[in-house]
Amino acid sequence: ASDVYKRQVQAKCVANAKAALLEAIPATATGAPATNTTLPRAVAEKISKCADALDAAAAMGDTASSKQLDGSWRLVYSDAPEITNLAKLPLGFQLGPVRQPFSLQSKTFENQGEILHVTRLVHGSTRVVGDFDRAARGTLNAAGVVNDRGDRVDVFFRRVVFEIDAPVAIKTVVEPKADPSLARPAVDTVYLDDSLRVTRGCLLYT
């Protein structure tokens with residue numbers, strides 16, 4: 001009975017922490033993810049603290065092989081440079097919704113961002129295409145954090161695609177070259193359920 005009660009208390013703590021985190025993230029006019037560079041510092045700090053609280057309450061491990069990773073995730077908040085650099089585009093361009101299809105079977109993922117324009121006469125997209133593999137326990141990421149929870153996947157960026165489909169079709173494809181002297185890019189999923197994924201740093205997908 002004691003164990004059941006403990007599980008019930010933990011489940012309630014996790015549910016409350018999750019609700020607080022989602023409530024802290026404001027929606028954007030274009031459907032783009034909110035970022036720490038576009039929100040007031042106090043709001044961004046609150047989101048980060050709420051994410052840490054959810055991580056602590058759930059204390060998850062082995063998320064890197066969870067079937068719940070599968071699906072197309074919508075990015076709702078990010079403090080990653082690749083997203084924050086797109087948050088304020090020049091010449092009237094605006095970032096729209098960002099999604100990340102993720103497949104455990106094929107070990108592939110994409111970061112898909114919609115590019116809008118204030119005139120709505122121009123429409124485009126960015127896609128980062130890559131694959132991933134479960135990281136070995138005990139390895140370090142670029143920040144020097146040890147993979148001791150089994151929540152890390154190593155990622156391999158294969159190509160970056162930029163497209164404009166209106167008014168004139170333009171497509172540019174770049175194949176990034178990995179620097180072997182640097183730590184391999186990696187993603188740690190610190191919280192995961194059927195409707196929310198939180199990665200270390202602070203990327204939140206729903």
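Hi everyone, let's start with a pair of side chains: D62 and R137 meet in a salt bridge, with N and O 2.8 Å apart. A salt bridge here means a side-chain nitrogen of Lys or Arg within 4 Å of a carboxyl oxygen of Asp or Glu. D62 lies in the loop between α2 and β2 (71-78), and R137 in the loop between β5 and β6 (152-166), so the pair ties together parts that are 75 residues apart in sequence.

Before going on, a word about the model. It is predicted, so local features need pLDDT of at least 70 and side-chain atom pairs count only at pLDDT 80 or more, while totals for chains, interfaces and linings use all residues. Residues are numbered from 1 along each chain as its sequence is written, and side-chain values use heavy atoms, with hydrogens and water left out.

Back to D62. Which other residue meets the side chain of D62 in a salt bridge? That is R134, at 3.0 Å from N to O. R134 sits in strand β5 (residues 123-134), so this pair ties together parts 72 residues apart in sequence.

How open are these residues? I'll call a residue buried under 20% relative accessible area, exposed over 50%, and partly exposed in between, using a 1.4 Å probe and protein chains only. D62 is partly exposed at 39%, R134 is partly exposed at 37%, and R137 is partly exposed at 48%.

How many salt bridges does the structure hold? There are ten. Another one joins R127 and E110, whose closest N and O atoms are 3.1 Å apart. This pair links distant parts of the chain, with R127 in strand β5 and E110 in strand β4 (residues 108-117), 17 residues apart. Is E110 buried or exposed? E110 is buried, at 18%, whereas R127 is partly exposed, at 22%. There is also a network: D55, R149 and D151 are joined by salt bridges that share partners.

Let's stay with D151, which is found in the loop between β5 and β6. D151 counts as buried, at 3% relative accessibility. Leaving out residues up to four places away in sequence, D151 touches D62, T63, A64, V187, D188, T189, V190 and R200. Contact means heavy atoms within 4.5 Å.

Now for the helices. Two packed helices are described by the angle between their axes and the distance between the axes. Helix α1 (residues 2-24) and helix α2 (residues 41-58) pack at about 160 degrees, with axes 9 Å apart. That makes α1 roughly antiparallel to α2, a label for angles over 145 degrees. The axes are lines fitted to C-alpha atoms over the stretch in contact, and angles run from 0 to 180 degrees between N-to-C directions.

Which residues of α1 meet α2? Among them are C13, V14, A17 and L21, and the partners in α2 include I47, C50, A51 and L54.

Finally, look at P40, in the loop between β1 (34-35) and α2. P40 counts as exposed, at 52% relative accessibility. The C-alpha atoms of P40 and R184 are separated by 32 Å, and the two residues are 144 apart along the chain.

Note on methods:
Helices (H or I, at least four residues) and strands (E, at least two) are DSSP runs, numbered from the N terminus. Angles under 35 degrees count as roughly parallel, over 145 as roughly antiparallel, 65 to 115 as roughly perpendicular and the rest as oblique.
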